[in-house]
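Here is a friendly walk through the structure shown below.

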Amino acid sequence: MTIHADLLAALIFLVFGALAIAIGYGYGFGTMAALGSGAMPMLVGAGLCVMGVVQLVQTRAARQTGEQLVSAFSRRETRPLLFILGAILAFGLLIDRLGLLPALAALVGISWFADAGGRKLELLAVLVAVATLIVAIFYFGLGIPFRLVAWRF
Amino acid sequence: MDLFSSLAMGLQVAVTPVNLLYCLMGVTLGTAIGVLPGVGPIITISLLLPLTFGLTPEASIIMLAGIFYGAAYGGSTTSILVNLPGEASSAVTCIDGHQMARQGRAGAALAVAALGSFFAGTVGTLMIALAGPPLAAIAMRFGAAEYAALVFVALLSTAAMTRGGVVKGIGVALLGMVFGTAGSDVSTGLFRFTFGIPELRDGVEFAVLAVGLFAVAEIIGNIGEPQGQAVSSSKIGRLWPTRDDFRRSWPAVLRGTGLGALLGVLPGAGLAMSSFTAYMVEKSASKQPERFGKGAVEGVAAPEAANNAASQTAFIPTLLLGVPGSPTMALMLGAFMIHGVQPGPRMMGDHPQLFWGLIVSMWIGNLLLVVLNLPLIGLWVRLLRVPYHWLYVFVLAFACVGVFTLSSSAFDIYSLVFFGVLGYLLKAAGCNPALFILGFILGPMFEENFRRAMTLSRGDPMVFLERPISLTLVLIGVAVLAATTTSFVRRGRAEATD
């Protein structure tokens, strides 16, 4: 079974709706005259579940009419997804430990490969350009006290 | 205080060198991103949100507003010159604008677009100033039930108007509302959805959420898409329009301005919808509709005036009621709240400097845009040569460093990854992540007023139907929902990706 866009939407709504109701229940609904902390999460969660079910029914109807359904996940996007998220994660891991410049280098170095088109020689130029601009804007321009290079493990 | 002394006070705020500088920065940036396809006002405003913490409220709001209306302006440039809309709001300008350019009349098209936009911007700004005091007086009488109903209508009609269908629209808005409830509950102080993480006690950081949902998810989607190469071949030619151009375009500008100003106020309509509608109206009102699509100057004047008028009047519900009508406006509202300013009927009394300063600065910004756009057009077109694989790396670096500066904590960076994934999933599911933002911002407002209204009515939900203003609002919401099934709105919605 392919997960196409409408089915994915239904799944997202149902999962988050169910979570909101389940967790919201623990906060207490309160009474109608004094709604508790859990009332809004539960009501909104219920709304989400309704939307999820409606979406499911619509999907089913579309399937029965023999509509061509395409997968929600395009293969072209797998590479950018992994590299971009990996780049941000690397930045987060390095910024406290090694400082701004190494973290930026990792960010640029990894995210560069998200796009298959870029040449490797250009990478160095982009690295220098991005580091210069970021340091100019944030460190000198806005005066944010970054540690440019640190060593803390 | 009468209008003139208010405007005079606004002028004093707007012309201080610092505020002028930020206004100039805002409109310049706005023009740049308006020109660049793939980078829009939502991304740019969310990227700059973390940076505005250090500025005064006036300077940061003036700058962010400049980005918003500047982008509506800049989008027309590439539409006309290279048949490539920088923004969805200018997509319709391509039709006749680019035809004019191919006939060697790009200069005239650009000038008509710029002058028409300037006129529309002036009218739009004036409308905020005029509508402000009376509208605020009405809104002052709003109670909790009215506010809850108003938020309900704004959410529902925006959700109904977006591409992808009503069900997905409402679903995403509700999803945003769930995330909006995270953090400590205002009424009871209970921590909700914090999962024991201390960073979540104040709720999900708005700037992180915006950057993740838009910038990160957008970059991933854009890299996956094959890139169209933009080549500008046409000469700009004579800038000043002919007498005939003027004669044809001024009624179009007037109609476009009126329509845009009206549609801008409505929640959910947005800039793209206003320019598209203006074009359709102009075409059907014309005595020679066959000229449209072949370089009719009205086809440039009307939509450009409309989207610029709408980009000004969109501030009316945001500033005066505190209820944003579009996702970009929700971002602006978030920017106000970062500075501890709550937009709404009391804003004019509590922060007159900010309110009137912003209005006057928007007019100054419109003036700056004419200056920026016409003589410097060659410079902007050159921006198109920046390859996307340079651009996204810089945007990503800017996003990460900007988010990190919020609280110097790596937790925000990890949240960025989470919202990047969520934004990617929502896009893959054909849901508009922009509505998520609207739900996130409006959710807590809705909850607070809904709970208060229920307490005041001793638990009787009929309160929303018994009070006249509230009843009217609820009925409008239902009507909008019903209207989305008609073909006209469906067609408009398909064009409007705003």
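**Chain B as a whole**

Please keep in mind that this is a predicted model. Chain B holds 23 helices and 2 strands. Along the principal axes, its C-alpha atoms fill a box of roughly 65 × 50 × 50 Å. How does the radius of gyration of chain B agree with that of a compact globule? A compact globule of 498 residues would come out near 23 Å, and chain B has 22 Å, so the two agree. Of the 498 residues in chain B, 62% count as buried. The contacts tell you about the fold too: among those in chain B between residues at least 6 apart in sequence, 80% join residues at least 24 apart.

Two packed helices are described by the angle between their axes and the distance between the axes. Here are two pairs to look for on your screen.

| Helix pair | Angle | Axis distance |
|---|---|---|
| α3(B) (residues 41-48) and α4(B) (residues 57-82) | about 165 degrees | 10 Å |
| α6(B) (residues 106-140) and α12(B) (residues 298-313) | about 30 degrees | 7 Å |

Start with α3(B) and α4(B), which pack at an angle of about 165 degrees. Angles over 145 degrees count as roughly antiparallel, and α3(B) and α4(B) are therefore roughly antiparallel to each other. The crossing in which α3(B) passes α4(B) is right-handed. On the α3(B) side, the contact is made by P41(B), T44(B), I45(B) and L48(B), while α4(B) brings L64(B), I67(B), F68(B) and A71(B). By class, the residues in this contact of α3(B) with α4(B) are 7 nonpolar and 1 polar, with no charged ones.

Now turn to α6(B) and α12(B), whose axes lie at about 30 degrees. Angles under 35 degrees count as roughly parallel, so that is how α6(B) and α12(B) run relative to each other. Their crossing is right-handed. The contact of α6(B) with α12(B) has 12 nonpolar, 8 polar and 1 charged residues.

**Where chain A meets chain B**

How many residues of chain A are in contact with chain B? There are 57 of them, and they touch 52 residues of chain B. On the chain A side, the elements giving two or more residues are α1 (5-27), α2 (39-64), α3 (78-98), α4 (100-111) and α5 (120-141) of chain A. Which of these gives the most? That is α3(A), with 11 residues. By class, the side of chain A that touches chain B has 42 nonpolar, 11 polar and 4 charged residues.

Terms used
Residues numbered from 1 in each chain as written. Chains lettered and ligands numbered in written order. Predicted model: local features only at pLDDT ≥ 70, side-chain atom pairs only at ≥ 80, totals over all residues. Axes fitted to C-alpha atoms, helices over the stretch in contact; angles between N-to-C directions. Helix = DSSP H or I, 4+ residues; strand = E, 2+ residues; numbered from the N terminus. Parallel < 35°, antiparallel > 145°, perpendicular 65-115°, else oblique. Left-handed = near helix turned anticlockwise from the far one by under 90°. Contact = placed C-beta atoms within 7 Å. Nonpolar A, V, L, I, M, F, W, Y, C, P; charged D, E, K, R; others polar. Rg over C-alpha atoms; globule rule 2.2 N^0.38 Å. Buried ≥ 20, exposed ≤ 12 C-beta atoms within 10 Å, placed from the backbone.
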